[in-house]
Amino acid sequence: MKTEWDIIVVGGGPAGIFAALEAAKAGASVLLFERKREMGIPVRCGEAVGKVDFHSYTEVDPRWISTEINTFVMVLPNGKEVKLKSNIYAGYIINRDLFEYDMAARAAAAGACIRMRSNVCDLLKNVSGEICGVRVEKRGTFQEYHARIVIAADGVESRIARQAGIASVLNIRDIEPCVQATLSGVDIPEKALYLYVGTCYAPGGYAWVFPKANRCANVGLGINGKYSKRGRNAESYLQDFLKRFFPEASVQRYVSGGVPVSTNLETLSLKNLLITGDAGHMVNPLNGGGITHAIESGIRAGKAAAGACRKPGKMQSLFDVYEKDIYRRFGKNHESQYRIKELVYQMNDEEYNRIGEEVLKIDLKKRSFLAVFRKVVKEHPGFLADVLRAFTGI
């Protein structure tokens, strides 16, 4: 395989795949490295995406859709269910493994070269200190590959940004350990997302039940170590949750991983390096969702990189635009959502129950996410500005 490329993409998740796809479509020579054995596996994700956003990014294959969602329910610590108005959430639970596999095939068809089981262990730098490629380990053999631009899409544990000298290490309070079991033999509403809020379920986070086809569901939770009980971890909380709500269900898959719940990484480009997706902390810090954010940031990164290959003299301005676009699209809102998260996670179960009871008094047709947070603001008035920014994008 040739060792000189226009663009090298490190990481084969949604951000990396879409970056490679867009850059290849624009005519750049693209090489993508992924350290896993198989694209899309393991699935460390709840697999929920917004319907409108998902369709706006790509032609959707029906095979990717496990179930369609149109109902949103919050379960309080006292067990009461707070259902929000119909069609407040239109989305899918996808088969992310099929989605990533197929999108990688589309990237390859567009001209990108994809290499699995390839661990990018080092950045290469020239005599002037600029990044000029990567060093890759595959089955004990090391090989160097050179590129004009490197795109870091290597996830929350990204080493590329750190090796480039960017302060990307998360504070312990800004990364949540999450565990999830994919269950079979469960009887739950097929079109409803269930979120369980309260320290009794998942301190400093929440538990989720996302339905999939054929009586299956993704059931998981994320916690924050700052609020969990001494000696408890995410797995122990999930085991308690499964015993309580799904004692007879069979476990088909069990995964774990860390989810960034911080604001976006401040530096997303450095000379000829771009950072995208989870590597840039582009996850909603309030709910931990990040698939569509990874897709959009990957698309923008791929286009910016391809543009810089065509016009090297405009690389800096193109990358500056990329950073500004990401901040406008996600970053500004994530700052407000982060502050909301910091307050919500400190609430005790009595507060959750009290606010939930107030929401239940609202007519079902008027129950929205904003209505819920208005009740939170009633107890915490200083919270109003952030709630308004989060829900209006101002």
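Modeller: Helices here are DSSP runs of H or I with at least four residues, strands are E runs of at least two, and both are numbered from the N terminus. By that criterion P42 falls in the loop between β2 (30-33) and β3 (48-50). This is a predicted model, in which local features need pLDDT of at least 70 and side-chain atom pairs count only at pLDDT 80 or more, while totals for chains, interfaces and linings use all residues. Residues are numbered from 1 along each chain as its sequence is written, and side-chain values use heavy atoms, leaving out hydrogens and water.

Biologist: How many helices and strands does the protein have?

Modeller: The assignment gives 10 helices and 18 strands.

Biologist: What radius of gyration does the protein have, and why does it agree with that of a compact globule?

Modeller: The radius is taken over C-alpha atoms, and the globule rule is 2.2 Å times the number of residues to the power 0.38. For 394 residues the rule gives a value near 21 Å, and the protein has 21 Å, so the two agree. Along the principal axes, the C-alpha atoms fill a box of roughly 65 × 45 × 40 Å.

Biologist: What share of the contacts with a separation of 6 or more comes from residues 24 or more positions apart?

Modeller: Such pairs account for 69%, where contact means heavy atoms within 4.5 Å.

Biologist: Why is E100 called buried?

Modeller: Buried means under 20% relative accessible area, exposed means over 50%, and partly exposed lies in between, with a 1.4 Å probe and protein chains only. E100 has 2%, and is therefore buried. Across the protein, buried residues make up 55% of the 394 residues.

Biologist: Where does E100 lie, and what surrounds it?

Modeller: E100 belongs to helix α3 (residues 96-109). Beyond its neighbours within four places in sequence, E100 is in contact with G12, G13, P14, I17, K36, M39 and G40.

Biologist: What makes the pair E100 and R96 a polar contact?

Modeller: A polar contact is a pair of N or O atoms within 3.5 Å; within protein one must be able to donate a hydrogen and the other to accept it, and residues adjacent in sequence count only if both atoms are side-chain atoms. The side chains of E100 and R96 are joined at 2.4 Å.

Biologist: Which side chain makes a polar contact with the side chain of T58, and where is T58 placed?

Modeller: The partner is R106, at 2.9 Å. T58 sits in the loop between α2 (51-57) and β4 (65-69), and its relative accessible area of 11% is why it counts as buried. Setting aside residues up to four places away in sequence, T58 touches F18, W64, M103 and R106.

Biologist: M103 is among those residues. Why is M103 called buried?

Modeller: Its relative accessible area is 1%, so M103 is buried. M103 is placed in helix α3 and, apart from neighbours within four places in sequence, is in contact with I17, F18, L21, T58 and W64. M103 and L21 are 82 residues apart in sequence, with 8.2 Å between their C-alpha atoms.

Biologist: Is Q337 buried or exposed?

Modeller: Q337 counts as buried, because its relative accessibility is 10%. Q337 is found in helix α7 (residues 315-344). Its C-alpha atom is separated by 8.5 Å from that of T263, 74 residues apart along the chain.

Biologist: Why is K226 called exposed, and how is R215 classed?

Modeller: K226 reaches 55% relative accessibility, so it counts as exposed; R215, at 44%, counts as partly exposed. K226 lies in the loop between β15 (216-222) and α5 (234-245). R215 is placed in the loop between β14 (206-212) and β15.

Biologist: Which backbone angle of R215 deserves a remark?

Modeller: Most residues other than glycine have a negative phi, and most peptide bonds are trans. R215, although not a glycine, has a positive phi of about 60 degrees. K271, also a residue other than glycine, has a positive phi near 55 degrees, and lies in the loop between β17 (269-270) and β18 (273-275).

Biologist: How do you know that the peptide bond from I41 to P42 is cis?

Modeller: Its omega is near 0 degrees.
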